[in-house]
Amino acid sequence: AGSRADVNPDEVASVIWKYFTELGSNAKDTAEQLHQSELSKQLNTLLKSNLQSVSAYAEDLQQRLEPFAAELQAKLAQDSQRLKEQIQRELQELQAKLAPYADQVHQQIGTNIRQLQARMGPYAEELRSQVDLSAGELRRALEPYAAELRERLQDNAESVQASLSPYAERLQRQIDGGVEGVKQRLSPVADQLKAQVEQSVAELRRGLSPYAQEVRDGLERQLQSLSAQMERAAEQLRARLAASSEELRAQLSPLARELREAASGDAESLRQRLQPLAQQLEQRLGQSLETFRQQAAPFGETFGQQLVQRLEEMRGKLDSGAAGVEDHLELLEKEVRDKVAAFLSTAAPPQN
């Protein structure tokens with residue numbers, strides 16, 4: 001009938017978390033009241049898109065997810081203030097216990113920041129280099145199509161019209177293949193950056209352990225929060241690279257569509273319609289690739305700056321003992337994701 005792998009727990013958790021943060025104040029507390037809510041609609045859309053081949057399981061899972069989500073939302077709302085106060089107490093305790101080692105702790109985090117900056121530099125440069133290489137390769141692959149279109153205009157109208165649709169299809173395939181190639185080239189760099197994040201947090205944990213024997217749990221919670229922030233930033237980097245690649249596809253694909261539309265008209269006016277398109281093709285190609293390059297190339301540097309900022313914020317919290325709203329929300333969100341994953345691990349699909 002299907003498997004639990006058909007549903008991504010993070011996607012379900014994202015729907016519930018969005019509901020909690022954006023719609024929670026208007027939430028209904030019972031499954032019956034919740035049935036027509038925005039949460040119900042979002043879960044229904046998500047499950048249908050992921051479980052099209054196992055609709056019975058999708059329906060059963062949604063029926064169980066709605067009351068679970070309502071109960072979780074109500075519990076989070078009830079426990080939110082308690083968690084906020086707990087975070088504040090833990091940070092104040094951390095500050096007091098680490099006070100004798102304040103200089104060493106401050107220095108250790110500073111060392112970690114410098115190491116992270118040094119480590120991120122080459123990867124950010126590698127990402128920039130791969131973006132440039134990808135844009136250059138795609139430009140070289142697509143430029144012959146502009147020259148070919150100009151040459152085709154020298155043929156008679158009927159011949160041009162007959163060959164235009166196959167030409168447009170080839171162009172679209174080249175665009176699609178090129179964009180997928182861009183994604184494949186950039187994905188390993190994103191993986192490497194994420195690995196550096198994990199290494200940096202592990203090194204900071206080892207570096208702080210001599211000063212935190214009495215407050216190990218409180219410090220571990222802060223490090224887990226830091227790790228969650230950094231990993232989220234790494235996933236956002238991957239998503240931004242994929243989105244930029246898809247935006248490039250969206251900018252280039254109209255070229256092929258316009259050619260197909262031109263082929264569907266009458267042969268007499270075809271040359272008049274194609275002439276400006278042939279002149280624009282190379283220019284529009286260049287503009288789209290340059291926009292992609294300028295947008296995606298700095299992502300590595302921006303990512304590195306985000307991570308350094310997170311470390312600076314952690315150092316500030318350990319210095320001051322003051323927790324922010326972000327700490328509270330991050331731990332609530334982690335609780336949502338953990339509980340959704342646990343729920344889905346027990347919500348096995350029905351057997352045939």
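## Confidence

What is the mean pLDDT of the chain, and what percentage of its residues reach 70 or more? The mean pLDDT (the predictor's confidence in each residue, from 0 to 100) is 79, and 82% of the residues reach 70 or more. This is a predicted model, in which local features need pLDDT of at least 70 and side-chain atom pairs count only at pLDDT 80 or more, while totals for chains, interfaces and linings use all residues. Residues are numbered from 1 along each chain as its sequence is written, and side-chain values use heavy atoms, with hydrogens and water left out.

Among the helices (DSSP runs of H or I of at least four residues, numbered from the N terminus), α5 (residues 102-152) has the highest confidence in the chain, at a mean of 89, whereas confidence is lowest in α2 (residues 31-34), at 44. Over residues 24-36 pLDDT stays under 50, and the model has 19 contacts (heavy atoms within 4.5 Å) beyond four places in sequence for them; residues 1-5 also stay under 50, with 14 such contacts.

Helix α5 has 51 residues and reaches 74 Å from its first C-alpha to its last, close to the 75 Å expected at 1.5 Å a residue, the expected span being 1.5 Å times one less than the number of residues. A kink of about 30° lies at Met120 in α5, shortly before Pro122; the bend is the angle between axes fitted to the seven residues ending there and the seven starting there.

Helix α5 packs with α6 (residues 157-208) at an angle of about 175°, their axes 10 Å apart, and the two are therefore roughly antiparallel (an angle over 145 degrees, between N-to-C directions on a scale from 0 to 180).

## Helices α7 and α8

In α7 (residues 216-263), whose axis comes within 10 Å of that of α8 (residues 270-296), the crossing angle is roughly 180°, which makes α7 roughly antiparallel to α8. A kink of about 25° lies at Leu252 in α7, shortly before Pro254.

Key. Angles under 35 degrees count as roughly parallel, over 145 as roughly antiparallel, 65 to 115 as roughly perpendicular and the rest as oblique.
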